[in-house]
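Reader: I have the sequence and the structure open. Please take me through them by question and answer.

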Protein chains: 2
Amino acid sequence: MSIRIGILGYGNLGRGVECAIRQNPDMELAVVFTRRNPEDVRILTETAKVCRVSEAEQWKDNIDVLILCGGSATDLPVQTPKYASLFNVVDSFDTHARIPEHFANVDEAAKQAGKLGIISVGWDPGMFSLNRMYANAILPEGSDYTFWGKGVSQGHSDALRRIEGVKNAKQYTIPVESALEAVRAGENPVLTTRQKHTRECFVVLEEGADAARIEKEIKEMPNYFADYDTTVHFISEEELLTQHGGIPHGGFVLRSGVTGWNRENRHLIEYRLKLDSNPEFTSSVIVAYARAAYRLAKEGQTGCRTVFDIAPAYLSPKTGEELRATML
Amino acid sequence: MSIRIGILGYGNLGRGVECAIRQNPDMELAVVFTRRNPEDVRILTETAKVCRVSEAEQWKDNIDVLILCGGSATDLPVQTPKYASLFNVVDSFDTHARIPEHFANVDEAAKQAGKLGIISVGWDPGMFSLNRMYANAILPEGSDYTFWGKGVSQGHSDALRRIEGVKNAKQYTIPVESALEAVRAGENPVLTTRQKHTRECFVVLEEGADAARIEKEIKEMPNYFADYDTTVHFISEEELLTQHGGIPHGGFVLRSGVTGWNRENRHLIEYRLKLDSNPEFTSSVIVAYARAAYRLAKEGQTGCRTVFDIAPAYLSPKTGEELRATML
């Protein structure tokens, strides 16, 4: 029997989850819950239903795992604890500073209901976190580096679009190659914000907008751009849509450390992601952890988990024997 | 109280484990067991004892985990099951084809004795296996690539030294950069043995040996060199010792896969190691898993495990709360 999945929220992430489920033959999409009118939501999976969020509770016994595809700012802090009292859940909560609080809320709700929740699944937090943790456990003496990009930052693109006179915009975060190379060479550089990443903006102006004023406003915007070397390109809306329509992302997690009685040997651990679609890759990680949530719940485990707490084998459709014979 | 570690076998790996223990304040080296005369074995840790292998059983209640540092060909298949009936054990068994059999033997012995064993820990098998497994679970549709090097292959260096007229030798396995680049570019190349790695040999001749005959013999040696583009350099013993004295290694695990309803988006996951000392890095991984063995045994778990079966958090000295606050 397949693992029956529900999706709550049908944006980029929800659609990515739907696509990922189709690549995993042991899973099926049962239902998509939406805040919109279900009749206005067209999904890709013919066999799945589209229902109102308010109907979710009726599905209590008909789905094995509910995947929450809302945003971290306001949706997930409320939704994940709420639905953990009805379902096994997985979310991609990514506000790093608020993870301890979110964990506690989901843990309490899930334990009371006898359900299992996995939070903060994706690539950062998620696979990047795992790689930081493994690398730190292996090389206790060393330095950590995380670089993001080249990729589209949704938050920075939104910041550009809020500027008066900007019709549309996209922002790429780009790691500084020479900084990456210094880390790889074992130089353990101490890097400022400016030395790690550059920012490249593609901006479509409203008719008659003042390009010079807008460029200045972008480059001086605190938090978002002022601490970075920022490049601004003004382009047509058509060019934006055709040349910058995707949502690529990725990045690098590195740990440079030493071993030996006199710390005489250097080692570098590097994990890299190069992603055509940020939401689809995130979704693919989430779906693998949905398999883990299903299995852990079947074992009778309850409460909240993160990627740190879950043995890798739970993510794979293969048995332990198959994994040992083919992947070890 | 510290986790008390015993080491069985004091070669490169055993010494590496000793060094790694010193980098982990929650652990201490209690004893090294050796097949040599203990008085002839000088270890680095002043507080630890050196004992005969035959005395190991007397330490049953005085060490928490025994790390087996013998070879995979003849030592570990016998030692790991044997000592799993007395201690929690960790080994680095690396004969991939015989892992299922070794797992079964260790599992049976450990279960009967109420002990926990972790086998095949290191980087391949070990961290490379983990990365293959995670990447396959995340991207079910894709291709796997493992490249080794640049690094010293002990087996190939030994093969060179067995040739008549060769006094000493060292062999480097080198990944072909253009093949790596083709994988990174998402080309999903089908690569022959020759297209993935080259082999570079540094050979010291015996007085009066026939260099041309030896070079031919190397390049035509089946399994070891015939299927590769092999380069042979004849050098002095002094150059070998000063320029090629280290035991560096490393490599790359890549998975290139697709997502999306029409498989329209490509993703690349790459894990890379660059190691000054192969045995010291392997030891560092083993010591992190010794922490896991200790904790799992404390929970009452018994039997055999591999890296696939162990939740990452067990490797870290930090608590779950600390990990969530600092690394997620």
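Reader: Where is B:L139 found in chain B?

Author: This is a predicted model. In chain B, helix 4 covers residues 127-138 and strand 7 covers 142-148. B:L139 is found in the loop between helix 4 and strand 7.

Reader: Does B:L139 count as buried or exposed, and at what relative accessibility?

Author: Buried means under 20% relative accessible area. B:L139 falls under that cut-off and therefore counts as buried, its relative accessibility being 0%.

Reader: Which residues does B:L139 touch, not counting those up to four places away in sequence?

Author: One partner is in chain A, namely A:F281. From chain B, B:L139 touches B:R255, B:G257, B:T259, B:H267 and B:I269.

Reader: How many residues of chain A are in contact with chain B, and what area is buried between the chains?

Author: Chain B puts 69 residues in contact with 69 residues of chain A. Carbon and sulfur atoms give 62% of the area buried between the two chains. That area is about 6300 Å².

Reader: Why is helix 2 of chain B described as largely enclosed, and what does it pack against?

Author: Helix 2 of chain B spans residues 75-84, and eight of its 10 residues are buried, so the rest of the structure largely encloses it. The buried residues include B:L76, B:P77 and B:Y83. They pack against strand 1 (3-8), strand 4 (65-68), strand 5 (88-90) and helix 3 (99-113) of chain B.

Reader: What is the radius of gyration of chain A, and what would a compact globule have?

Author: Chain A has 328 residues, and 59% of them count as buried. A compact globule with 328 residues would have a radius of gyration near 20 Å. The value for chain A agrees with this, at 22 Å.

Reader: Which residues are in contact with A:D64, leaving aside neighbours within four places in sequence?

Author: A:D64 has its place in the loop between strand 3 (49-52) and strand 4 (65-68) of chain A. With a relative accessibility of 12%, A:D64 counts as buried. Its contacts are A:S2, A:I3, A:R4, A:N88 and A:Y294.

Reader: Where does A:P125 lie, and what is omega for the cis bond that joins A:D124 to it?

Author: A:P125 lies in the loop between strand 6 (116-118) and helix 4 (127-138) of chain A. The peptide bond joining A:D124 and A:P125 is cis, and its omega is about 5°.

Reader: What is omega for the cis peptide bond from A:G149 to A:K150?

Author: A:K150 lies in the loop between strand 7 (142-148) and strand 8 (151-152) of chain A. The bond from A:G149 to A:K150 is cis, with omega near 0°.

Reader: What is the relative accessible area of A:N188, and what is that of A:N223?

Author: A:N188 is not a glycine, yet its phi is positive at about 45°. A:N223, also a residue other than glycine, has a positive phi near 65°. A:N188 is partly exposed, with a relative accessible area of 29%. A:N223 is exposed, with a relative accessible area of 66%.

Conventions:
Residues numbered from 1 in each chain as written. Chains lettered and ligands numbered in written order. Predicted model: local features only at pLDDT ≥ 70, side-chain atom pairs only at ≥ 80, totals over all residues. Heavy atoms only, no water. Rg over C-alpha atoms; globule rule 2.2 N^0.38 Å. Buried < 20%, exposed > 50% of the residue type's maximum accessible area, 1.4 Å probe, protein only. Contact = heavy atoms within 4.5 Å. Buried area = accessible area lost by both parts, 1.4 Å probe. Helix = DSSP H or I, 4+ residues; strand = E, 2+ residues; numbered from the N terminus.
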